[in-house]
Amino acid sequence: MSQAILKTEHLNVAADRPILKNVTIAFRSAAITAVIGPSGSGKTTLLRAFNRLNEDHLSTSGRVLFQGINIYDPRVDCFRLRMKIGMLPSQPIIFPISLKANLMLAPRVNMKVSRQNLAMDIEQSLRQVCLWDKLQHQLTNKQFKLSTKDQQLFCLARALLLHPQILLLDEPTALLDPAATLQFEKILLKLRSHLTIIIVTHNLQQAARIADDTAFLQHGKLIEFAQTRELFTRPQQAATDQYLTKKLILK
Ligand SMILES: Nc1ncnc2c1ncn2[C@@H]1O[C@H](COP(=O)(O)OP(=O)(O)OP(=O)(O)O)[C@@H](O)[C@H]1O
């Protein structure tokens, strides 16, 4: 079993009231972890805590350790942190410039890579998401329109260009149809060999299909965290059992 790459210790996040309460969890390296739970249970807030996206408007206490270093230490550079821990929101965001310019934005600013190396990286990341053949001749075409599925894959490729060690995905397939969802999942399973993936999902079948481990949150508390097969077949907490049963029956 691989080592933990990311851990929280007694993580609390609050607005005018607590949102995450005393969450202690460890994520395995080169594994996919699903975060499940009812709406409002704190899943997105947990994900955002991992690259310090909450701190402008929410208070955070406790520790988040990335490779043993507390990311809330004031000496940690947020830009560098967000390159190592990338995030993909559920709504794809593509700027109204060419696809190539979209891809080049972050690496040129943050990594100062040469144009030649960047061209190779772009090809590699588009190949990783199975878009190279479709897009290689459209990269400078400002009018080219992508389908919703391809927009989300393109955003994944853009995130991969920064060579993150952890990728945070917030309901990445919420807008996709079942076939596109399966294609997206297949790509995640391939990426897992060298990338740690934490995915928030309302789709329990998705968690069961791709996640090595699953965390169940409710009312801001980590109720249960286990290998996915264990959590789905032998939940240890009554609340987990109730949630899984209700979701699967209502499906
Ligand atoms: N910036 C904020 N200020 C105040 N309350 C917030 C803020 N961000 C989140 N919350 C509250 O924290 C709770 C958890 O929100 P969060 O988005 O993390 O839940 P979630 O489990 O991801 O929900 P969903 O499945 O609906 O996306 C909600 O009640 C939400 O209203």
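Colleague: Where is Ser41 found?
Modeller: Ser41 is in the loop between strand 3 (32-36) and helix 1 (43-49). Helices (H or I, at least four residues) and strands (E, at least two) are DSSP runs, numbered from the N terminus. This is a predicted model: local features need pLDDT of at least 70, side-chain atom pairs count only at pLDDT 80 or more, and totals for chains, interfaces and linings use all residues. Residues are numbered from 1 along each chain as its sequence is written.

Colleague: Does Ser41 count as buried or exposed, and why?
Modeller: Ser41 counts as buried because it has 22 C-beta neighbours inside 10 Å. The cut-offs are 20 or more other C-beta atoms within 10 Å for buried, 12 or fewer for exposed, and partly exposed in between, with C-beta atoms placed from the backbone.

Colleague: What is Ser41 in contact with, leaving aside neighbours within four places in sequence?
Modeller: Leu217, Gln218, His219 and Gly220. Contact means C-beta atoms, placed from the backbone, within 7 Å. The C-alpha atoms of Ser41 and Leu217 are separated by 5.9 Å, though the two are 176 residues apart along the chain.

Colleague: How do strand 3 and strand 9 pair?
Modeller: In the parallel sense, over 4 bridges, with strand 9 being residues 213-218. Strands pair if DSSP finds at least two bridges between them. Val35 has Ala215 as its bridge partner in strand 9.

Colleague: What is the strand order in the open sheet?
Modeller: 6-7-8-3-9-10, with mixed pairing. Strand 6 (85-88) and strand 10 (221-227) each have a single partner strand, so one side of each is left without a neighbour in the sheet.

How values were computed
Two residues are in contact if their C-beta atoms, placed from the backbone, lie within 7 Å.
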